[in-house]
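Subject: A structure for you to explore

Hi,

Here is the structure I promised to pass on to you.

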Amino acid sequence: MYYQIIPLEMGSLVERNIFQQENKEIKCGTVWKLGSVLTSIKPSFIKAYDPNIGICVDDIPGGTISKTYGGEKVIYFSDTVGEDEQDELTDIFYQSNRKYSKNYADVFHDLGWKHCSLESYIFGELEIKELTDAPISHK
């Protein structure tokens, strides 16, 4: 038996990277319009689940992100990142700066930023469907 965990609101499945440098922090990643989490272990987290806080996908036993649609890239900075630096990092993240040919994570690293984490979260009201056949997982 498989279980598909589906957020009922658009934009309730996110993938977030955190980069740090000294006292500065970047949070960036993708917000998926639609998507789901798949597991072969019956979800028991739902009893204590708070839709306002959500849950890290890694904290769902056997949980993996299944189908996702309509991803939108987003980036946020701590208050300690200056405006000019934010502008440059934003251009790198959205690949609108032709000065760099690598992906944003590699460029951030080259600029002295340390990658601290990559986590996916699901939040909001959820629907859990029991599936009798193993669905095809893809992103």
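Which elements do the buried residues of helix 1 pack against? They pack against strand 3 (24-39), strand 5 (64-77) and helix 2 (104-110). Before I say more, please keep in mind that this is a predicted model, where local features need pLDDT of at least 70, side-chain atom pairs count only at pLDDT 80 or more, and totals for chains, interfaces and linings use all residues. Residues are numbered from 1 along each chain as its sequence is written, and side-chain values use heavy atoms, with hydrogens and water left out.

**The whole chain**

The protein chain has 2 helices and 7 strands; helices (H or I, at least four residues) and strands (E, at least two) are DSSP runs numbered from the N terminus. Starting at the N terminus, the order of the elements is β-β-β-β-β-α-α-β-β. The C-alpha trace spans about 50 × 30 × 25 Å along its principal axes. Of the 139 residues, 39% are buried; buried means under 20% relative accessible area, exposed over 50%, and partly exposed in between (1.4 Å probe, protein chains only). Contact means heavy atoms within 4.5 Å, and among contacts between residues at least 6 apart in sequence, 75% join residues at least 24 apart.

**Helix 1**

Helix 1 covers residues 83-93, and L89, I92 and F93 are buried there. Seen down the helix axis, these buried residues fall within an arc of 95°, so they line one face of helix 1. The arc is that of the directions from the helix axis to the C-beta atoms. Just after the helix, Q95 takes a positive phi of about 55°.

**Salt bridges**

The structure holds 3 salt bridges, each a side-chain nitrogen of Lys or Arg within 4 Å of a carboxyl oxygen of Asp or Glu. One of them pairs K24 with E85, with the closest N and O atoms 3.0 Å apart. K24 lies in strand 3 and E85 in helix 1, so this pair ties together parts that are 61 residues apart in sequence. K24 is buried, at 14% relative accessible area, while E85 is partly exposed, at 23%.

Another salt bridge joins the side chains of E88 and K99 (3.9 Å, N to O). E88 is in helix 1 and K99 in the loop between helix 1 and helix 2, so the pair ties together parts 11 residues apart in sequence. E88 is partly exposed, at 28% relative accessibility, and K99 is exposed, at 60%. There is also a salt bridge between D110 and K102 (2.5 Å, N to O).

**Two residues in the strands**

Q20 is in strand 2 and counts as partly exposed, at 35% relative accessibility. Its C-alpha atom is 5.5 Å from that of W113, although Q20 and W113 are 93 residues apart along the chain.

T30 sits in strand 3 and is buried, with a relative accessible area of 15%.

Enjoy exploring!
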